[in-house]
Amino acid sequence: MTTATLERRPAVSPVDEAAEFPSIDLEFSSADEVHEGLDNAVATLIETAAKDAACGILVTRLHPGRYTVALDESVPFGETYENIAA
């Protein structure tokens with residue numbers, strides 16, 4: 001069994017409500033932080049998505065410990081999809 005150590009940094013790009021599709025970039029230093037951090041980011045974007053009901057939320061794992069949580073028009077409103085970047 002292997003254990004991954006992840007590094008947490010503050011959000012690289014805060015939610016920009018002026019942007020058409022805002023996103024939040026996250027990096028974590030431990031696996032224990034991932035679930036809560038992603039939940040908080042999704043909750044933040046739910047508030048933004050609910051304003052116009054035009055899109056859902058896409059959570060993308062870029063590499064171990066690095067994620068982007070974004071509003072995405074390919075995701076139906078009210079849903080959250082997960083993706084792993086190649």
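Predicted model: local features only at pLDDT ≥ 70, side-chain atom pairs only at ≥ 80, totals over all residues.
Residues are numbered from 1 along each chain as its sequence is written, and side-chain values use heavy atoms, without hydrogens and water. Local features need pLDDT of at least 70 and side-chain atom pairs pLDDT 80 or more, while totals for chains, interfaces and linings use all residues.

The order is β-β-α-β-β-β. Of the 86 residues, 34% are buried (under 20% relative accessible area, 1.4 Å probe, protein chains only). Contacts are heavy atoms within 4.5 Å. Among those with a separation of 6 or more, 40% join residues 24 or more positions apart.

The largest pocket holds about 180 Å³ of space. A pocket is an open set of points on a 1 Å grid over the protein atoms alone, where a 1.4 Å probe fits, with protein on both sides within 12 Å along at least five of seven lines. Its volume is the space filled by probe spheres set on the points. Lining residues have an atom within 4 Å of a point; they include His 35, Asp 39, Arg 61, Tyr 67 and Glu 82. Two or more lining residues come from each of α1 (31–52), β3 (56–63) and β5 (80–84).

Ala 53 lies in the loop between α1 and β3. Its phi is near 50°, a positive value in a residue other than glycine. Most residues other than glycine have a negative phi. Ala 53 is partly exposed, because its relative accessibility is 42% (the class runs between 20% and 50%).

Notes: Helix = DSSP H or I, 4+ residues; strand = E, 2+ residues; numbered from the N terminus.
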